[in-house]
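Biologist: I have the model open and want to go through it with you. Can we start with the surface and work from there?

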Amino acid sequence: MAHGSALYIRETELTDLTEGTLRAVGTPTSTAAAVARVLVDAELRGHPSHGVAMLPIYLERARRGGIDAQACPTWTSVSGSVGLVRGNGAFGQLAAELAASRCASAAAEQGLAAVGVRDNNHIGMLAAYRKYFTDSGVIGLILNVSGPSVSAPGAQYATLGNDAMCLIVPRSDDKPFIIDFAAGTVACGKIRSAALRGEKVPSTWLLDAIGQPSTNPEDLDNGGSVPVFGGYKGLGVLLIIEILAGVLAGATVSPLVNRQRHQVELPMGCSQLFIGFDSQLFGATDTTSLIDVIANAVHEGYAGTPPHPYLPEQYELTHAEVAREQGVAVPHVLAAELGWVSA
């Protein structure tokens with residue numbers, strides 16, 4: 001259903017369209033389904049920056065060599081609780097799903113597990129891999145190292161990755177507690193989504209090619225950068241991710257990762273680290289009630305009604321309810337580019 005400049009597409013239809021588009025460039029059916037699941041999940045949760053807007057660059061990279069649509073990741077067991085996955089130039093979602101699955105199952109059996117991912121491509125929204133941990137009753141921590149797009153505090157140029165982390169905590173009410181964010185003030189894809197919609201961005205999101213604040217989203221891919229959030233404390237968070245998911249797990253760091261939009265003929269070579277903790281590793285059995293204490297403390301800190309959202313995951317859950325009822329809003333220009341509608 002069209003509305004304004006967007007096309008509203010139901011979840012099942014959007015999944016079918018996404019899978020069909022991927023298969024059209026030679027992607028095997030099972031791989032297309034895995035990639036589509038992650039992209040559509042991001043759309044449902046209100047993050048189109050990580051959704052089907054990724055398809056054009058995925059398709060270009062598949063045609064030009066940055067993604068090998070036929071490839072599959074490989075697994076190496078390092079020890080009983082530690083493993084390593086190599087992406088092998090495949091769609092990054094495949095290695096991420098393999099790592100999440102093995103990590104969660106091993107943590108459920110042994111209490112603690114870690115799986116590193118090397119030589120991978122873009123894996124999409126980190127929270128998309130939550131089901132492996134929630135189904136196993138395991139707390140999951142995912143760290144991701146990406147290519148340079150972020151500038152250090154006070155710097156003018158992008159020299160660091162917009163690295164991300166995601167914490168997934170199962171709860172008894174079947175609604176996991178999830179924290180998912182990148183180290184930049186905003187995910188790069190949100191700036192590109194604004195460009196797709198013809199909108200400006202807040203000047204706090206973006207620096208232009210000479211390091212000046214900009215509201216023009218086109219500046220991001222013309223030598224611009226995203227500032228790291230929180231000054232030097234945010235830089236500290238980014239460097240923690242670099243050390244754990246980069247140096248330790250991936251044998252790389254973000255300055256060495258290929259930028260997927262600028263080096264489309266090369267695999268990104270990015271890395272991830274998946275860590276799983278049994279929810280009762282230290283004998284605690286009241287995870288849900290303790291998280292409720294934290295959530296209530298946040299709520300009670302407001303003199304009146306708190307804003308919405310006031311906790312991570314609230315926006316995503318609300319957006320998913322609406323999207324499943326009304327459909328996902330896909331910009332008409334994107335749908336036309338993908339051949340889903342006439343231009």
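Biologist: Where does I243 sit?
Modeller: I243 lies in helix α7, residues 231–248. Helices (H or I, at least four residues) and strands (E, at least two) are DSSP runs, numbered from the N terminus. This is a predicted model, in which local features need pLDDT of at least 70, side-chain atom pairs count only at pLDDT 80 or more, and totals for chains, interfaces and linings use all residues. Residues are numbered from 1 along each chain as its sequence is written, and side-chain values use heavy atoms, with hydrogens and water left out.

Biologist: Which residues make the nonpolar surface patch there?
Modeller: I240, I243, L244, V247 and L248 make a nonpolar surface patch of about 450 Å². Patches are made of residues with over 30% relative accessible area and no salt bridge; like charges are joined within 9 Å, and nonpolar side chains (Val, Leu, Ile, Met, Phe, Trp, Tyr) within 5 Å. Accessible areas come from the Shrake-Rupley method with a 1.4 Å probe, and for residues only the protein chains shown count as cover.

Biologist: Now inside. How many residues are in the largest nonpolar core?
Modeller: That core has 29 residues, and those with the most contacts inside it are Y129, F133, I142, C166 and F274. A nonpolar core is a set of buried Ala, Val, Leu, Ile, Met, Phe, Trp, Tyr and Cys residues joined through side-chain atoms within 4.5 Å. Buried means under 20% relative accessible area, exposed over 50%, partly exposed in between (1.4 Å probe, protein chains only).

Biologist: Which elements give two or more residues to this core?
Modeller: They are α2 (29–44), α4 (92–110), β5 (112–120), β6 (138–145), β9 (164–169) and β10 (177–182). The largest share, eight residues, comes from α4.

Biologist: What is C166 in contact with?
Modeller: Leaving aside neighbours within four places in sequence, C166 is in contact with L126, A127, G140, L141, I142, I178, I179 and D180. Contact means heavy atoms within 4.5 Å. There is also a second, separate core of 26 residues, which includes L22, L39, Y58 and V328.

Biologist: Back to β6. Is V145 buried or exposed?
Modeller: V145, in strand β6, is buried, because its relative accessibility is 0%. Beyond its neighbours within four places in sequence, V145 is in contact with D163, I241, E242, A245, G246, V253, S254, V257, C270 and S271.

Biologist: Different topic. How many salt bridges are found?
Modeller: A search of the whole structure finds 11. A salt bridge is a side-chain nitrogen of Lys or Arg within 4 Å of a carboxyl oxygen of Asp or Glu.

Biologist: What does K131 pair with?
Modeller: K131 forms a salt bridge with D135, the closest N and O atoms being 2.6 Å apart. They are four residues apart in helix α5 (residues 130–136), so about one helical turn separates them. K131 is exposed at 52% relative accessibility, and D135 is exposed at 54%.

Biologist: Which parts of the chain does the D292 and R171 pair link?
Modeller: The pair links distant parts: D292 is in helix α8 (residues 287–300) and R171 in the loop between β9 and β10, 121 residues apart. Their side chains meet in a salt bridge at 3.7 Å, N to O. D292 is partly exposed at 33% relative accessibility, and R171 is partly exposed at 22%.

Biologist: Last one. What does Y315 touch?
Modeller: Not counting residues up to four places away in sequence, Y315 touches R45, G46, H47 and P309. Y315 is in helix α9 (residues 314–326) and is partly exposed at 34% relative accessibility. Y315 and G46 are 269 residues apart in sequence and 7.7 Å apart in space, C-alpha to C-alpha.
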